[in-house]
Amino acid sequence: MRALLVSDIHANLEALEAVLAAAPPHDVVWNLGDIVGYGANPNEVIDVSRRLGQIFVRGNHDRACSGLGGIEEFNPIAQRAARWTEAVLTGDHREWLRHLAAGPIAPDGPQVSCVHGSPLDEDEYLLTVRDAWPSLHDAQAHITFFGHTHVQGGFATNGDEWFRLAPRYSGSRGDAVEFELPLREGARYLLNPGSVGQPRDGDWRAAFALYDDAQRLLTWYRVPYDLREAQQRILNAGLPDRLASRLREGR
Ligand SMILES: [Fe+2]
């Protein structure tokens with residue numbers, strides 16, 4: 001079974017289309033949430049996402065943009081984007097977002113889990129080994145896929161030691177690249193495919209991953225996309241300028 005992992009698309013249609021064009025053959029799509037918010041094409045991104053599969057975890061922006069709460073915790077720019085998104089969503093899409101399941105969900109038996117923030121809290125940011133330790137320690141699943149931080153990488157433990165994981169890419173920032181991480185038997189993992197639509201790890205390219213359970217292999221990917229078009233759509237929509245400029249910075 002090969003699962004395509006996508007997270008934090010954030011209504012960036014150009015980035016999502018580039019990911020799907022570059023994605024290797026896969027059997028299922030696991031979507032780790034924040035489908036909307038920030039970007040200019042929430043309805044189109046929901047349409048494409050729904051066609052891809054049934055495994056979805058709710059993100060905090062999916063919750064806020066569909067009126068389920070949490071918007072007051074956002075910064076002013078994120079609040080403006082969430083209110084704009086809620087206003088332009090079709091009724092059907094709004095209802096669909098409202099019924100997304102909060103994680104953790106087990107898409108393929110008890111060994112693998114999907115969450116938005118962490119297994120313990122859907123809104124928690126796992127940015128450091130210290131953040132990750134309680135989740136790795138308590139998790140029932142051997143592998144937990146998470147998003148929310150918009151940072152491609154993850155954490156692992158063999159029981160005695162704790163590791164921070166990150167892909168090491170070569171080539172220029174204009175290339176499509178990939179990095180393989182063999183998954184060891186007996187180790188526990190927290191793995192983030194990165195953000196499709198608003199990376200914050202200093203790399204502007206759209207991020208995603210492929211999990212191959214038969215080969216026990218995770219592959220991280222980065223692909224260039226039509227950044228200018230995504231930025232122009234944000235500006236044309238009247239969304240905050242910062243949401244366009246940060247896409248180039250990957251911050
Ligand atoms: Fe997000």
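## D34 and its loop

D34 sits in the loop that runs between strand 2 (28-31) and helix 2 (42-52). In this predicted model, D34 has a positive phi of about 55°, although it is not a glycine. Is D34 buried or exposed? D34 counts as buried because it has 29 C-beta neighbours inside 10 Å, and the cut-off for a buried residue is 20 or more.

## H10

H10 belongs to the loop between strand 1 (2-6) and helix 1 (13-22). Its phi is near 50°, a positive value in a residue other than glycine. H10 is buried, since 28 other C-beta atoms lie within 10 Å.

## A cis peptide bond at P104

The peptide bond that joins G103 and P104 is cis, with omega about -5°. P104 is part of the loop between helix 5 (91-98) and strand 4 (112-114).

## The largest nonpolar core

The largest nonpolar core has 64 residues. Which of them touch the most other members? They are L5, V19, V196, A206 and F208. Strand 10 (residues 206-212) supplies the largest share of this core, six residues.

F208 shows which parts of the chain meet here. Apart from neighbours within four places in sequence, F208 is in contact with L4, L5, V6, V19, A23, P193, G194, V196 and Y221. Among these contacts are L5, V19 and V196, which are also listed with F208 as the core residues that touch the most other members.

Note on methods
Residues are numbered from 1 along each chain as its sequence is written. This is a predicted model: local features need pLDDT of at least 70, side-chain atom pairs count only at pLDDT 80 or more; totals for chains, interfaces and linings use all residues. A nonpolar core is a set of buried Ala, Val, Leu, Ile, Met, Phe, Trp, Tyr and Cys residues joined through C-beta atoms within 7 Å. A residue is buried if 20 or more other C-beta atoms lie within 10 Å of its own, exposed if 12 or fewer, and partly exposed in between; C-beta atoms are placed from the backbone. Helices (H or I, at least four residues) and strands (E, at least two) are DSSP runs, numbered from the N terminus. Two residues are in contact if their C-beta atoms, placed from the backbone, lie within 7 Å.
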